[in-house]
Amino acid sequence: MDLLRAFVLLFLASAGLLALLVTLIAGRKTLRDRRETASLRRRDRLRHALDSGHPRSMRRAFGAIGDRSAEVDLATVLQEPGRAGRDSLALEREVRRSGLLRRLERNLRSPHAPTRGRATLILGHLRLPGGVERIERMLDDRDPDVRLVACTGLAIARVPEAVDALVRALSRRRLAPERVIERLGQPWAVDTLLAALVRLDAEGERRSAPRIGIARALGVAGDARAEPALVQLLGNGSVEERISAARALGSVGGEAARPALELALGDPEWALRAQAAKALGKIASAHSVAAVEAVLDDPAWWVRANAAATLRVLGPPGRAALERALEHEDAYARDRAREALAMDRVAPAA
C-alpha cells in the first residue's frame, strides 16, 4: 500500500507540474501574441501618420513612443522606402512637439549602448535638420557598435553635411576606414567628396587619411566625374594617396587617365606601379600596350603579374606583346608571358 500511495502521489505531482508548464507556455504565448498585435497596430499608426503628413496624427503617433519596443517599431517603419523625410520641417516640428526629440536626445546619453544605438539610428532615418550634428557626436562613442550605427545613420541622411562628417571620421580613426568608405562610396556623395578634396588642399591639410579614404570611396562609387580629381591626386599626392588614386582610376578612369597611369608605371614605388598596371587593364586601351609591355621585367612580382594580366585584355596587340615576351632575355618576363598565354588557352573551356 505504501508503494501504491507513493506512486499515486508521484503521478499527481507530475501531472500538476505538467499542467503548470502548459499554463506557463500558454501564458507566454498569449503575452507574445499581445505584444505582436500591439506592435503591428503601432506600426500601422506610424505608417498612417507619416504617409498622411497630418500634424496631429504625427504628434500622437510620436508621443506614443515610450519604451524599447515602440522605438524598434519606429525604426522599422522609418526604414521602409518613402516613409520619412517628405516634409522635413513639418516632421521636425511634430517630433519636437510630441517630446520624441527630447527622448532621443536623452537616450543618446544613456549608459546602455543598445539604447544609444537605437536613438542614433532613428535620428538618421528621421533626417531632421540639425540631425547630422547629433549623430556625428556618436562617432566618438565608447562602444564600437554605436559608432558603426552612427556611421550608418550619417549615410542614411544623404546630405552634404553627413558626407563632411564621415570625411572627418576618416581622420579621427575611431572607425575602421573600410566601414566609412563603404558608406561614402555612393553616387549621391560624389559632388561633396570632390569638394572635400579641394577644401583639404585649400586648408593645407597634411594628413593623408582623408584623401586616401575619399579616393577609395570615389572608386567604389564608380562615377566618371571623379576622374580629373583622381588624375590630379595621382600626380601630386603622397605615395599612399597616389596608390589609392590609381586603384580608383581602375573603376572610373578612361582615356584621359591613361597617360598619367602609364607615367606611374615608372614610379620608384612598386605598389604604385602594380596598381597602375592593373588600372590600365580595366581601362583596356590598346594604346597602353607598349607602356605595359615595358614593365613585364619589372623587379617586383606584382608589377609583372599585373602587366601580364593587363596585356591579356588588350586584344590582339596585347597578345602579340605576350608572344614577343616568350623570347625576352628576362626569365621572369618569359614566365609571366607564358602563364598569361596559358590562361588564354584554358579560358574558353572554363
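**Helix packing, question by question**

Reply: Start with handedness: helix 14 and helix 16 cross in a left-handed sense. Keep in mind that this is a predicted model.

Me: Are helix 14 and helix 16 roughly parallel or antiparallel to each other?

Reply: Their axes come within 7 Å and cross at roughly 15°. Angles under 35 degrees count as roughly parallel. Helix 14 is therefore, relative to helix 16, roughly parallel.

Me: How many charged residues are in the contact of helix 14 with helix 16?

Reply: Helix 14 contributes Arg 242, Ile 243, Ala 246, Arg 247, Leu 249 and Gly 250. From helix 16 come Ala 271, Leu 272, Gln 275, Ala 276, Ala 279, Lys 282 and Ile 283. By class, eight are nonpolar and two polar, and the charged ones number three.

Me: Is Arg 273 buried or exposed?

Reply: Arg 273 sits in helix 16. Leaving aside neighbours within four places in sequence, its contacts include Asp 267, Pro 268, Asp 298 and Pro 299. Buried means under 20% relative accessible area. Arg 273 has 9% relative accessibility, so it counts as buried.

Me: Are helix 11 and helix 12 roughly parallel or antiparallel?

Reply: Helix 11 covers residues 190–202 and helix 12 covers residues 209–221. Their axes are 10 Å apart and the packing angle is about 155°. Over 145 degrees counts as roughly antiparallel. So the two helices, helix 11 and helix 12, are roughly antiparallel.

Me: How many nonpolar residues are in the contact of helix 11 with helix 12?

Reply: Among the contact residues are Leu 193, Leu 197 and Leu 200 of helix 11, and Ile 214, Ala 217 and Leu 218 of helix 12. Two of the contact residues are charged and none is polar. The nonpolar count is 11.

Me: What is the relative accessible area of Val 190?

Reply: Val 190 is in helix 11. Leaving aside neighbours within four places in sequence, it touches Leu 218, Ala 221, Asp 223 and Arg 225. Val 190 is buried, and its relative accessible area is 0%.

Me: Which residue caps the N-terminal end of helix 3?

Reply: Helix 3 runs over residues 68–78, and its buried residues include Ala 70, Leu 74 and Leu 78. At its N-terminal end, a side-chain oxygen lies 3.3 Å from the backbone nitrogen of Ser 69. That oxygen belongs to the capping residue, Asp 67.

Definitions and conventions
Residues are numbered from 1 along each chain as its sequence is written. This is a predicted model: local features need pLDDT of at least 70, side-chain atom pairs count only at pLDDT 80 or more; totals for chains, interfaces and linings use all residues. Side-chain values use heavy atoms; hydrogens and water are left out. Buried means under 20% relative accessible area, exposed over 50%, partly exposed in between (1.4 Å probe, protein chains only). Helices (H or I, at least four residues) and strands (E, at least two) are DSSP runs, numbered from the N terminus. A polar contact is a pair of N or O atoms within 3.5 Å; within protein, one must be able to donate a hydrogen and the other to accept it, and residues adjacent in sequence count only if both atoms are side-chain atoms. Axes are lines fitted to C-alpha atoms, for helices over the stretch in contact, and angles run from 0 to 180 degrees between N-to-C directions. Angles under 35 degrees count as roughly parallel, over 145 as roughly antiparallel, 65 to 115 as roughly perpendicular and the rest as oblique. Contact means heavy atoms within 4.5 Å. Ala, Val, Leu, Ile, Met, Phe, Trp, Tyr, Cys and Pro count as nonpolar, Asp, Glu, Lys and Arg as charged, and the others, Gly among them, as polar. A crossing is left-handed if the near helix is turned anticlockwise from the far one by less than a right angle, and right-handed if clockwise.
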